Amino acid sequence: MQRLTAQLVAGLVAALLSLLTKHCVANGGGPNLAERVIWAVNAGGEAHVDVHGIHFKKDPLEGKVGKASDYGVRLPILRSSPEDQILYQTERYNEDTFGYDIPIREEGNYILVLKFSEVYFAQSQQKVFDVRLNGHVVVKDLDIFDRVGHSTAHDEIVPFSINRGKLTVQGEVSTFNGKLAVEFVKGYYDNPKICALYVMKGTLGDVPKLQPHPGLEKHDEGEDDDDDESEGGEEGGKKPVLSRSKNRVQSGPRTPNPYAADNSSLMFPILVAFGVFIPTLFCLCRL
């Protein structure tokens with residue numbers, strides 16, 4: 001009888017603990033954002049703790065690969081909180097493809113957050129490069145200035161999952177050996193770079209969003225639905241499919257096409273000249 005009573009009490013205690021755990025998770029008692037981050041680095045800079053409690057460590061590539069730059073510290077970075085602007089003001093770049101190896105021990109759903117800002121070039125197509133994840137191109141032809149302009153924070157967010165030794169990202173699958181290789185791929189325009197990055201467990205909804213960018217929120221009312229962002233950019237890692245030519249304004253006045261003018265007015269004097277020349281030539285031949 002005592003044994004039965006003890007088992008009953010143990011069962012009730014376990015059920016109560018389970019209900020309390022579910023209640024705490026439902027009310028935000030689960031792991032916070034900082035606890036979900038498994039790896040973070042401030043590329044080209046010193047260690048930093050951001051407003052969300054994420055601990056960005058000092059760049060492990062210092063003195064090994066590429067060059068660190070703090071050129072952006074003289075500039076305020078739009079869309080970023082004042083406390084975290086340093087994450088976008090420092091950077092690491094290289095004259096060839098470079099990257100970071102991130103160890104991941106557990107299976108599950110993850111998010112890679114890549115932080116960028118263009119603090120040097122003042123026009124598009126000056127720095128364009130790709131980002132690869134274990135050989136998969138997850139960001140194609142990244143032109144930071146073309147996306148958001150000068151000295152403005154831009155995050156590329158790439159969700160991926162690891163299950164049974166397989167990495168799945170953007171519909172592609174490959175073998176996973178315990179390391180996530182994040183590479184910034186040299187392109188035709190200047191050198192690849194990165195300002196900061198981190199990997200966290202979770203889904204897209206768990207990632208903190210940057211402050212609104214008024215210039216990117218204005219869209220022409222006549223744009224088709226196909227011109228909207230497709231799964232990417234700051235939501236899924238792929239390049240937004242935007243009809244940028246519709247929003248671009250050409251500099252200078254329009255130049256009229258010199259070949260578009262009506263040339264019919266030039267035909268009359270030509271016909272008159274032929275009318276005078278032919279009879280004159282006929283008369284000279286008769287002499």
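Glu156 and Arg147 are both buried, and their side chains form a salt bridge in which the closest N and O atoms are 2.4 Å apart. The model is a predicted one, and the distances discussed here are computed from it. Side chains of opposite charge can pair when their charged atoms come close. Across the whole structure, a search finds eleven salt bridges.

Another of these joins Glu91 and Lys193, with 2.7 Å from N to O. The two residues belong to distant parts of the chain: Glu91 is in strand S5 (residues 91–93) and Lys193 is in strand S14 (residues 193–194), 102 residues apart.

Arg132 is partly exposed, with a relative accessible area of 24%. Glu183 is likewise partly exposed, at 24% relative accessibility. Elsewhere, salt bridges link Asp59, Glu62 and Arg92 in a network.

S8 and S13 run antiparallel and are joined by five bridges. Within this pairing, Val131 stands opposite Phe184 of S13. S13 also runs antiparallel to strand S6 (residues 98–103), and six bridges join these two strands. Here Ile102 has Leu180 of S13 as its bridge partner.

Phe184 leads on to the aromatic residues. Which residues do ring pairs link into a cluster? The cluster consists of Phe98, Phe116, Phe129 and Phe184. A pair of aromatic rings is described by the distance of the centres and the angle of the planes. In total, the structure has eight aromatic pairs. In one of them, the ring centres of Phe116 and Phe129 are 6.0 Å apart and the planes meet at 55°, so the pair is tilted. Phe116 lies in strand S7 (residues 108–116) and Phe129 in strand S8 (residues 128–133), so this pair ties together parts of the chain that are 13 residues apart in sequence. Phe116 has 0% relative accessibility and counts as buried. Phe129 is also buried, at 1% relative accessibility.

Tyr120 and Phe121 form an aromatic pair with another geometry: their centres are 5.0 Å apart and their planes are at 85°, which makes the pair edge-to-face.

Arg74 lies over the face of Tyr71, at 4.1 Å from the ring centre.

How values were computed:
Residues are numbered from 1 along each chain as its sequence is written. This is a predicted model: local features need pLDDT of at least 70, side-chain atom pairs count only at pLDDT 80 or more; totals for chains, interfaces and linings use all residues. Side-chain values use heavy atoms; hydrogens and water are left out. Rings of Phe, Tyr and Trp (its six-membered ring) pair if their centres lie within 6.5 Å; planes under 30 degrees apart count as stacked, over 60 as edge-to-face and the rest as tilted. Helices (H or I, at least four residues) and strands (E, at least two) are DSSP runs, numbered from the N terminus. Buried means under 20% relative accessible area, exposed over 50%, partly exposed in between (1.4 Å probe, protein chains only). A charge sits over a ring if NZ of Lys or CZ of Arg is within 6 Å of the ring centre and within 35 degrees of the ring normal. A salt bridge is a side-chain nitrogen of Lys or Arg within 4 Å of a carboxyl oxygen of Asp or Glu. Two strands pair if DSSP finds at least two bridges between them.
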